[in-house]
Amino acid sequence: IFTDMKERISGAEAMMRSLEHEGVKVLFGYPGGAIMPTYDALYDHREKLNHILVRHEQGAVHAAQGYARVSGQVGCAIVTSGPGAMNTISGIADAMVDSTPMVVICGQVGAAMLGTDAFQEVDVIGVTQPISKWAFQIRRSEDIAWAVSRAFYIARSGRPGPVVLDFTKNAQTGMIDFEPNKVSFIRSYKPVPVPQRDVIEKAARLINNSVKPFVLVGQGVELGNAQDELRLFLEKAQIPAGCTLLGLSALPTDHPLNMGMLGMHGNLGPNKMTNQ
């Protein structure tokens, strides 16, 4: 009589299973009160989810960034509410600027206590929305699988970047019938825009008519695997180029059109040419 009954699990357990469904193998984090139910569930998944304990939440997000860079996967950090979540801001903003795919899971007070100035309650969504690709507050256990799948899809697609999930305590402890989700399309989100020929032609005219053209090579060339196209463009147009720190490996250092790195620690040539 029990064979047809669905398995009911907690929201925290659903979070762990959702992360595994997205291929997560490493988590960086620091526990605290509002995220403790999720850490309790994480203990039972320690064979598949390797949690690396840091000494500060900022270390967790920066470690997740580094992991994302070297592995090619989405970095994942997990922290508690209030001061824990606020300590992740630098890393989230850095991941946004540097196009690093990352999902940050923050604990939060129960949904019934939102807006009451409860202990360690901070408007995580309001703070992180301007510096992330997507910020979402999970208030119901039923939304976990959908939110996690959507978060990883947004973080890794198009121009990569950070996503923040604000995980209320009631959503962690609520019981649900869990089923993993897989998001592969969002109607309002176009990760790869369709090139417009008239805009490209306008850009070509600007370059052809320019007096002192100069190319600044950034990390986008690396992320888009456009190194060969960059060299063809530079050599065809005979335009000198400078590189940002993260764009240094996109162009050989001994290329005759490579003027070196831009910035206060860079070369004189590209800085003078940028000013011109």
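Strands β2 (residues 26-29) and β4 run parallel to each other in this predicted model, paired over two bridges; strands here are DSSP E runs of at least two residues, helices are H or I runs of at least four, and both are numbered from the N terminus. Pairing takes at least two DSSP bridges between the strands. G29 has its bridge partner in β4, namely I78. β4 also pairs with strand β5 (residues 102-108), again in the parallel sense, this time over five bridges.

As for numbering and cut-offs, residues count from 1 along each chain as its sequence is written. Since the model is predicted, local features need pLDDT of at least 70 and side-chain atom pairs count only at pLDDT 80 or more, while totals for chains, interfaces and linings use all residues, and side-chain values use heavy atoms, with hydrogens and water left out.

β4 itself (residues 75-79) is mostly covered, with five of its five residues buried, that is, under 20% relative accessible area with a 1.4 Å probe and protein chains only. The cover extends to both faces: G75, A77 and V79 lie on one side, C76 and I78 on the other.

Turning to the helices, the axes of α1 (residues 11-21) and α7 (residues 144-156) come within 9 Å and cross at roughly 35°, with axes fitted to C-alpha atoms over the stretch in contact and angles running from 0 to 180 degrees between N-to-C directions. The crossing is right-handed, meaning the near helix is turned clockwise from the far one by less than a right angle. On the α1 side, G11, A14, M15, S18 and L19 make the contact, and on the α7 side I144, A145, V148 and F152 do, with contact taken as heavy atoms within 4.5 Å.

Key. Buried < 20%, exposed > 50% of the residue type's maximum accessible area, 1.4 Å probe, protein only.
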